[in-house]
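Trainee: I would like to learn how to read a model of this kind. Could we go through its features in turn?

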Amino acid sequence: MTSKSDAAWVAAGRCALKTRDASLDGRLWYGVVTTGVYCRISCPSPAPKPEHLRFFSAPSAALAAGFRACKRCRPDDLVPLPPYLERAMDALVKGVSPTQTAARLGIAPATLSRAFQRWLGFTPKQLELFAKTDRFKARLLDGQGVLGAALDAGFNDDKALYRSASAYVGMRPGAFGDDLLLGFGLAAVPLGWLLVLTSASGLVFAGLGETPGEVMADAVRRYPNARLAPLDERTGDALQALSAQLAGAPWQALPIDVAGTGFRLRVWQALREIAPGQTLTYAELAARLQSPKAARAIGSACAANPVCLSIPCHRVLPKSGGQGGYFWRPWRKAYLLSLESGSSE
Ligand SMILES: [Zn+2]
């Protein structure tokens with residue numbers, strides 16, 4: 001791999017490998033030098049030793065380096081894609097329904113769905129929703145209101161909007177007021193997709209997700225009344241700063257503008273005082289807040305944290321050992337902790 005964020009991808013891959021998280025399947029592959037075999041991240045084979053690992057951004061790169069495909073996880077099944085599936089993907093992305101797409105190809109919708117799952121790991125329906133969400137995002141970036149953008153993107157009647165959008169994008173038509181205008185920015189990072197929302201005072205939301213739709217659903221669930229504005233300079237700067245930190249740039253606490261109960265705000269402020277590379281247990285944080293019995297409440301304040309990284313809830317660990325939970329998935333917490341400890345593991 002030759003991209004700038006190689007180290008970040010490798011670290012993300014190592015963390016994802018620990019839980020066999022399939023989020024990186026199709027984007028990252030690993031080879032084991034002792035066996036000469038390469039695998040998908042989700043391969044159920046025993047975990048190799050870190051020093052025996054090599055990471056690749058494509059099966060072809062693994063093959064070029066002399067590795068052969070694992071017979072268990074079939075990492076090369078993802079490529080090359082049969083031409084009819086390429087055509088199907090093209091149609092779905094352009095807004096053709098899964099049923100119509102199957103009809104155009106002269107096959108049953110269930111057959112198309114099975115082929116999708118085998119080759120790509122997702123269904124035509126999921127791709128259709130992903131593409132809709134992508135169009136939705138593009139219209140928001142053009143400055144269109146949320147409801148109009150959703151309708152234009154193909155959530156084409158009230159019922160469909162209620163069904164699809166509330167399940168997938170997490171929003172309720174008609175639930176949008178004009179009370180909150182937030183800058184909106186989205187970027188692909190080694191941990192998936194990073195979405196930020198900003199007000200004039202600072203970060204309102206920063207979240208991570210596997211797809212733009214997943215992280216958008218989280219944002220809209222938390223701020224159902226927000227109007228989203230096109231990317232402005234302030235939001236662009238915040239997005240860039242957080243992306244850089246995720247790729248290893250020194251951590252800095254960006255200005256935040258978050259709402260919560262008094263106790264949660266105190267917890268979030270205390271989290272910002274834990275330096276990078278350091279961790280506290282929930283009980284230690286409770287003692288620091290002079291609320292020794294509040295370890296559990298601190299846990300829920302961490303889970304409700306709306307701003308990843310700048311409110312570093314990943315720096316709190318359970319007293320019993322291990323790294324504990326993380327709203328944006330435990331493997332991402334492991335990645336952040338290893339990034340900050342400066343270790344290459
Ligand atoms: Zn394998």
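Trainee: How many bridges join S1 to strand S2?

Mentor: Strands of a sheet pair through backbone hydrogen bonds, either parallel or antiparallel. Here the model, which is predicted, has four bridges between S1 and S2 (residues 37-40), and the two strands run antiparallel. Tyrosine 30 stands opposite cysteine 39 in S2, and valine 32 is opposite valine 37.

Trainee: What do S1 and S2 form, and how many residues lie between them?

Mentor: They form a hairpin, with four residues between the strands. Glycine 36 sits in the turn and has a positive phi of about 75°.

Trainee: Which residue of S3 is the bridge partner of tyrosine 30?

Mentor: Phenylalanine 55 is that partner. S1 is joined to S3 (residues 53-56) by four bridges, again in an antiparallel arrangement.

Trainee: What is the order of the strands in the sheet?

Mentor: The order is S3-S1-S2-S4, in an open sheet of four strands with mixed pairing. S3 and S4 stand at the edges; each has a single partner strand, so one side of each lacks a neighbour in the sheet.

Trainee: Are the faces of strand S1 covered or open?

Mentor: In a regular strand the side chains alternate between the two faces of the sheet. For S1 (residues 29-32), both faces are covered. Trp29 and Gly31 are buried on one side, and Tyr30 and Val32 are buried on the other.

Trainee: Next, the helices. At what angle do the axes of H3 and H4 cross?

Mentor: The axes of H3 (residues 83-93) and H4 (residues 98-105) cross at roughly 145° and come within 10 Å. H3 passes H4 in a right-handed crossing.

Trainee: Which residues make the contact?

Mentor: H3 contributes Tyr84, Arg87, Ala88, Ala91 and Leu92, and H4 contributes Pro98, Thr101, Arg104 and Leu105. By type, the contact of H3 with H4 has six nonpolar residues, one polar and two charged.

Trainee: Where is arginine 74, and what is its phi?

Mentor: Arginine 74 lies in the loop between strand S4 (68-69) and H3. Its phi is near 50°, a positive value in a residue other than glycine. Arginine 74 counts as partly exposed because it has 13 C-beta neighbours inside 10 Å.

Trainee: Is glutamine 290 buried or exposed?

Mentor: Glutamine 290 counts as exposed, because it has 8 C-beta neighbours inside 10 Å. Its place is the loop between helix H12 (282-288) and helix H13 (295-303). Glutamine 290 is not a glycine, yet its phi is positive, about 55°.

Trainee: Which residues does alanine 283 touch, leaving aside those up to four places away in sequence?

Mentor: Alanine 283, in helix H12, touches Ala295 and Lys319. Alanine 283 and alanine 295 are twelve residues apart in sequence, while their C-alpha atoms are 5.1 Å apart in space. With 16 C-beta neighbours inside 10 Å, alanine 283 counts as partly exposed.

Trainee: What is the average pLDDT of the protein chain?

Mentor: The chain averages 79, and 77% of the residues score at least 70. Over residues 1-5 the pLDDT is below 50, and this stretch has seven contacts in the model beyond near neighbours in sequence. Residues 157-178 also have a pLDDT below 50, with 39 contacts beyond near neighbours in sequence. Where pLDDT is low, the predicted coordinates should not be read in detail.

Terms used
Residues numbered from 1 in each chain as written. Predicted model: local features only at pLDDT ≥ 70, side-chain atom pairs only at ≥ 80, totals over all residues. pLDDT = per-residue confidence, 0-100. Contact = placed C-beta atoms within 7 Å. Axes fitted to C-alpha atoms, helices over the stretch in contact; angles between N-to-C directions. Left-handed = near helix turned anticlockwise from the far one by under 90°. Nonpolar A, V, L, I, M, F, W, Y, C, P; charged D, E, K, R; others polar. Buried ≥ 20, exposed ≤ 12 C-beta atoms within 10 Å, placed from the backbone. Pairing = 2+ DSSP bridges.
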